[in-house]
Amino acid sequence: MKLLFINGVNLNMTGRREQDIYGTQTLDEINYEIVNHFRNDECEFYQSNNEGDICTAIQCAEDFDGIILNAGAFTHYSYAIRDAIASIKIPVVEVHMSNVHAREEFRHKSVLSEVCKGVICGFGKNSYILAGESFKL
Ligand code: DQA
């Protein structure tokens with residue numbers, strides 16, 4: 001299976017920012033664990049702080065079996081990313097490391113969920129793994 005893991009704005013700061021919420025591991029360290037977990041699959045990783053670049057990555061993902069997307073704060077307001085997801089045929093699972101519903105009110109709203117296959121949040125780095133596993137069910 002070919003899985004594309006996309007991380008959006010500020011996720012490159014994982015391990016350095018708000019460690020009580022996002023943990024102490026860097027994104028590279030988390031991605032390394034993901035590769036290890038999905039040993040028999042092909043994993044690709046992309047991170048950008050730019051909304052348009054995330055849209056381009058989604059548009060170019062047609063030969064993947066699925067996208068695991070943590071759009072960061074873009075989740076809560078990016079109609080551009082929402083439209084990019086709606087424009088492709090392959091399924092996208094929305095992911096958050098934190099339980100966004102147990103946090104500030106602005107995080108309770110996702111403009112992406114409606115066009116995603118499903119949403120996984122609150123399991124830290126394992127949110128990515130659970131989302132990847134969901135494509136195998
Ligand atoms: C996040 C939750 C978002 O609300 C936040 O803006 C992030 C990370 C998460 O993984 O929990 O940057 O997507």
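**A walk from helix pair to sheet**

Let's start with two helices: α2 passes α5 in a right-handed crossing, meaning the near helix is turned clockwise from the far one by less than a right angle. Helices here are DSSP runs of H or I with at least four residues, strands are E runs of at least two, and both are numbered from the N terminus. This is a predicted model, where local features need pLDDT of at least 70, side-chain atom pairs count only at pLDDT 80 or more, and totals for chains, interfaces and linings use all residues. Residues are numbered from 1 along each chain as its sequence is written, and side-chain values use heavy atoms, leaving out hydrogens and water.

On the α2 side, L27, I30, I34 and H37 make the contact (heavy atoms within 4.5 Å). They meet Y128, I129 and E133 of α5.

Now for the sheet. Five strands line up in the order β2-β1-β3-β4-β5, forming an open sheet with parallel pairing; two strands pair if DSSP finds at least two bridges between them. At the edges sit β2 (42–47) and β5 (118–121), each pairing on one side only. Further in, β1 and β3 are joined by six bridges, and V9 has G72 of β3 as its bridge partner.

What about the inside? The largest nonpolar core has 22 residues. Such a core is a set of buried (under 20% relative accessible area, 1.4 Å probe, protein chains only) Ala, Val, Leu, Ile, Met, Phe, Trp, Tyr and Cys residues joined through side-chain atoms within 4.5 Å. Helix α3 gives the most to this core, with four residues.

Terms used. Buried < 20%, exposed > 50% of the residue type's maximum accessible area, 1.4 Å probe, protein only.
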